[in-house]
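The following questions and answers examine a single protein structure. Please consult the sequence and the model while reading.

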Amino acid sequence: MEYSERQLRTPLFTAVVNYAMQKKISFHTPGHKHGDGIPKMFRDFVGSRIFDIDLTLLEEVDSLQDPKTVIKEAQKLAAEAYGADYSFFLVNGTTIGNQAMILSVIKPGEKLIVPRNAHKSVLSGVILSGAVPVYVYPKYDRDLGVICNVTPKQIEEKIIESPDVKAILVTSPTYNGIATDIREIVRVAHQYKKILLVDEAHGPHLKFHPDLPLSAMEGGADMCVQSTHKIISGMTQASMMHARKTVDILKLKRILQLLHTTSPSYILMASLDVARMQMATQGREILSKVITLANLARTEIVEAGLGCFGKEAIGREGIYDVDVTKLTIDTRAAGNSGYEVAKILNKKYGVQIEFAAPTNVLAIMSLGNTKEDINRLVKALKDIKKTFTPNEELIKKINSVKAPEQESEVVLTPREAAFSVTKKIPFKEAIGMVSAELICPYPPGIPVLAPGERITKEVFEYLMYLKNLGNMINGQDDKTLQTVKVVAETKTENSNGLFEADKKAAETKKN
Ligand SMILES: Cc1ncc(COP(=O)(O)O)c(C=O)c1O
């Protein structure tokens, strides 16, 4: 694998270790003082070294809020590795990155195209920014039992419908590894002079192997965020954001300062530095192994009679490319829901998967997985298929779910709904009122109601139909759906005229 020698450098990790080795007497935070103050049970389990690198903002290790030395250099190396103009280390996951991306391009009242099934961190960015979401609905592939990705055509249609949208956010790849045609979406976005943001939480590895889908930065996106901790070797919560000069970098920096803790973990940041070095210098070899193992697992799972889509799914509607390191194992052929299979895998076989859905379980393969892991997983799945009684009734129910044709009416922005005075009322009486909750049935995992949307008779009947089927419905407070939270008033006592201010800002912008 070709790489610049510079990519072997780990300036932040090295500075952190150098500082730790000096064993200085600590009269600074954190309070555990090199771990000496930590209860023994904790220290005995994790070892003592980790506390030596749990530092705080010190001259020798730079500051995330205003990087000037080693963090600055580490972020520059990340930008070089990912083909970005700027990279930023994040210590509150991709969540803070999605929020910052949206806040940096959207003002209250401006429109943002978002996939209807975007992660809740995107919705939180919409709420914080006061964006008016313009939803685009990805297709639910009933045969595969998964939600696909949005297409460039859908994005272009939305732009034509709402020419005043400011920016577009897409998620690629999805949790299940389904990638959209990023290059084409970039072309469409830029043709209409829109900014393209990509939630690439599940794709920090894409750049480093040619058999994986094109990464957001390679495709020309303006900004993207990646959960380094989810797929490669960052510690949990460690993510990265990449950006091009096309965006207002000073504003982005200001917003990251606004959202970030002033005590970022050096353990997390050092892990980002090392994860980048690992991918930039050995990524291709490491990922070749992961891909080979994942494909082997996929073949064996399919031979065992369970579904597990790979590259052959490319070309189905909403599937432009597939990240084969993610194994979506369709459990319907085993006559069980994904939830049931996940439970058995965990309790009986000691195998923990990433998540379960009604139709499948998702197993994420990455750097640390071995052939032995695959053998355990495949053997357990074969065993489950052979020995457990299929629940045909349940599978019939899961397969019969049909989403309503009509898109909901957006009455208030999610921000207005989130800050409004709400009341809980019997669901049936809520028809015609504005939902204050997100209500999302699985399957298909696309919210039927988002905060701020009108509850119609169709939506009510559809949700009751799903509930009677025993379908999982998430997001709302009352899991039984007897009641629902609706907007009572849009101006709250403590909002201090916030919404008026938002509206004025939007009006000023229009004029
Ligand atoms: C698509 C997507 N975006 C964003 C996030 C949030 O990422 P993080 O957990 O790193 O904050 C997730 C988390 O699962 C996700 O699946």
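Helices (H or I, at least four residues) and strands (E, at least two) are DSSP runs, numbered from the N terminus. This is a predicted model, in which local features need pLDDT of at least 70 and side-chain atom pairs count only at pLDDT 80 or more, while totals for chains, interfaces and linings use all residues. Residues are numbered from 1 along each chain as its sequence is written, and side-chain values use heavy atoms, with hydrogens and water left out.

Q: In which loop does Pro 173 lie?
A: Pro 173 is joined to Ser 172 by a cis peptide bond, with omega at about -5°. Most peptide bonds are trans. The loop that holds Pro 173 is the one between strand E6 (165-171) and strand E7 (178-179).

Q: Which residue is joined to Pro 30 by a cis peptide bond?
A: Pro 30 belongs to the loop between helix H1 (11-21) and helix H2 (40-46). Omega of the cis bond is about 0°, and the partner of Pro 30 is Thr 29.

Q: Is Val 61 buried or exposed?
A: Val 61 is placed in the loop between helix H3 (49-52) and helix H4 (70-82). Buried means under 20% relative accessible area, exposed over 50%, and partly exposed in between (1.4 Å probe, protein chains only). Because its relative accessibility is 0%, Val 61 counts as buried.

Q: What distance separates the C-alpha atoms of Val 61 and Phe 13?
A: Contact means heavy atoms within 4.5 Å. Leaving aside residues up to four places away in sequence, Val 61 touches residues including Leu 12, Ala 15, Val 16 and Tyr 266. Phe 13 is 48 residues from Val 61 along the chain, and the C-alpha separation is 8.9 Å.

Q: What is the relative accessible area of Asp 62?
A: Asp 62 lies in the loop between H3 and H4. Its phi is near 70°, a positive value in a residue other than glycine. Asp 62 is buried, and its relative accessible area is 7%.

Q: Is Lys 193 buried or exposed?
A: Lys 193 is not a glycine, yet it has a positive phi of about 60°. Its location is the loop between helix H8 (182-191) and strand E8 (195-199). With a relative accessible area of 72%, Lys 193 is exposed.

Q: How many salt bridges does a search of the whole structure find?
A: Side chains of opposite charge can pair when their charged atoms come close. A salt bridge is a side-chain nitrogen of Lys or Arg within 4 Å of a carboxyl oxygen of Asp or Glu. One network of salt bridges links Asp 141, Asp 143 and Arg 316. For the whole structure, the search finds 22.

Q: How many residues apart in sequence are the parts that Glu 110 and Lys 166 tie together?
A: Glu 110 and Lys 166 form a salt bridge, their closest N and O atoms being 3.6 Å apart. Glu 110 counts as buried at 9% relative accessibility, whereas Lys 166 counts as partly exposed at 28%. Since Glu 110 is in the loop between helix H5 (93-105) and strand E2 (111-115) and Lys 166 is in strand E6, the parts tied together are apart in sequence by 56 residues.

Q: Which helix gives the most to the side of domain 2 that touches domain 3?
A: Domain bounds come from an automatic or database domain assignment, which gives domain 1 (5-282), domain 2 (284-400) and domain 3 (414-510). Five residues of domain 2 are in contact with five residues of domain 3, and the count of salt bridges between these two domains is zero. With three residues, the helix that gives the most is H15 (residues 392-400).
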